[in-house]
Amino acid sequence: MRTKAIIHLNRFKNNFCSVQARIGSKRHICVSVKADAYGHGALQIAKKSLELGAYCLGVATVAEGANLRKGGIKAPIMLLSQSHPNEIPEIIKSDLTPFISDIEFASILNDSAKAAKQKIPVHMKIDSGMGRIGCSVKEAVSLARHIASCTKLKLTGTATHLAAADSANPKDIEYTNQQLTGFKKAVTAIKAAGINPGIIHAANSGGIILHPDSWLDMVRPGILLYGYKAVHEYELPLANMKKISKLKTLMVEPVMELISSVVLIKKIKKGESVSYGRTWIAENDTYIAVLPVGYADGLPRLASNKWQVVINGEEYPLVGRVCMDQCCVDLGPKPVVQRWDEALIFGADIVPEQSDKPVINHSAAALADVTGTIPYEITCNINKRVPRVYK
């Protein structure tokens, strides 16, 4: 294969076990496999997650859930985004668990379930400050009562989503605490109304790292399981360290590596340019390696002239604009790289064999930094035409 994404399932396992060890064995884990498991392959990650003890899976669309069912997944699958009424027949057919934010959708869902003569498990979503889907904290009890009155709906969970849990900024920490306080009050009120709220869950990756109060009955890690931390424990202000000071630092490593290969080496003379727009001109005679990977594969065009690839343990700069299907790197005037050598586009950080050399920061997070985005977007954008190889 000229270009491929290596998915290290052993690293995924280690990340999963790190999360489980942090939250304790009595709490459930919902693994987010939406967007093709952040580009890692939804079915394969789903199977591995369930093998490791995940309670359920989270998807964004009905089609994502249906595809997992077709792949043989039997575990609960939660629809984390709002579905459309015309998708309800597939929700019922595929036994998916939708989030309910309002009475209208609950009623439509219940009527469809009656027609299908099936009972549907649902989770109620409370908007405690994210500002997206979910009922308000004040509306929670009335929505819970309505769901309880729907004969073909079964309330199996109650959730919220944290807007700034992945920030160590004191104002964001306070905002997260306010969200949790409001959410917990709503859950308490639902219980006081004689309604079982089911599994209570709020924590995303940031919540798992910084906010033990958010762990509740279940956590919903996403990017954390794929090897990236948007925030680190040591970034917390001292006043907030007490909550997690007794916890072991959560260690994760990137699961995906994007690898290409040198398909051509050519000499470029001083003054000659490389790629579209002539954004890079050789200052001296040099050699250029052509790699068959471009922005259609998921290598951001914004990485042009800003990134380095690693070949045989050494970094080489990406020069000229990244094209749709190809890019070029500068090998220097006396290259030791050979045609067909593998080139690492991004992956785990590289520790050189010589102790006097620095660690090469070559993760999707580092690539995201130089292109002005987040690692989620980097891994999610690896195109379907790039084959996934599982190890």
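Predicted model: local features only at pLDDT ≥ 70, side-chain atom pairs only at ≥ 80, totals over all residues.
1. Overall make-up. The protein chain contains 11 helices and 20 strands. Its C-alpha trace spans about 80 × 50 × 35 Å along the principal axes. Of the 391 residues in the chain, 53% count as buried. Among contacts with a separation of 6 or more, 67% are made by residues 24 or more positions apart.

2. Helix H1. This helix covers residues 9–23, 15 residues in total. From its first C-alpha to its last it reaches 21 Å, close to the 21 Å expected at 1.5 Å a residue. Its buried residues are Leu9, Arg11, Phe12, Asn15, Phe16, Val19, Gln20, Arg22 and Ile23. The spacing of such a list may be read against helix geometry: an α-helix has 3.6 residues a turn, so residues three or four places apart point the same way. Just after H1, glycine 24 adopts a positive phi of about 95°.

3. Nonpolar cores. The largest nonpolar core comprises 102 residues, and Val31, Val33 and Phe346 have the most contacts inside it. Helix H8 (residues 170–192) provides the largest share of this core, 6 residues. Another core lies apart from it, with 9 residues that include Ile268, Trp280, Ile288 and Cys328.

4. Phenylalanine 346 and serine 363. Beyond its neighbours within four places in sequence, phenylalanine 346 is in contact with Met256, Glu257, Leu258, Trp307, His362, Ser363, Ala364, Leu367, Ile378 and Ile382. One of these partners, serine 363, is located in the loop between strand E19 (342–346) and H10. Serine 363 counts as buried because its relative accessibility is 7%, under the 20% cut-off.

5. Largest pocket. The volume of the largest pocket is about 580 Å³. Its lining consists of 26 residues, and those nearest the centre are Gly227, Tyr228, Lys229, His232 and Ala365. Helix H10 (364–371) and helix H11 (375–380) each contribute at least two lining residues, with H10 giving the most, 4 residues. By class, the lining is made up of 15 nonpolar, 6 polar and 5 charged residues.

6. Second largest pocket. This pocket holds about 500 Å³ of space. It is lined by 23 residues, of which Lys34, Tyr38, Arg132, His161 and Asn204 are the closest to its centre. Helix H2 (34–38) and helix H9 (205–210) are the elements that give two or more residues to the lining. The lining has 10 nonpolar, 8 polar and 5 charged residues.

7. Arginine 220. Where in the chain is arginine 220 found? The residue sits in the loop between strand E10 (218–219) and strand E11 (256–261). Arginine 220 counts as buried because its relative accessibility is 10%, under the 20% cut-off. Not counting residues up to four places away in sequence, arginine 220 touches Cys30, Met78, Ala159, Thr160, His161, His201, Ala202, Ala203, Asn204 and Ser205. His161 and Asn204, both on that list, are also among the residues closest to the centre of the second largest pocket. The C-alpha atoms of arginine 220 and proline 197 are separated by 17 Å, with the two residues 23 apart along the chain.

Definitions and conventions. Residues numbered from 1 in each chain as written. Heavy atoms only, no water. 1 Å grid on protein atoms, 1.4 Å probe; cavity = no way out; pocket = protein on both sides within 12 Å on 5 of 7 lines; lining within 4 Å. Points joined across faces, edges and corners; volume = space filled by probe spheres on them. Nonpolar A, V, L, I, M, F, W, Y, C, P; charged D, E, K, R; others polar. Expected span 1.5 Å × (residues − 1). Buried < 20%, exposed > 50% of the residue type's maximum accessible area, 1.4 Å probe, protein only. Core = buried A, V, L, I, M, F, W, Y, C linked by side-chain atoms within 4.5 Å. Contact = heavy atoms within 4.5 Å.
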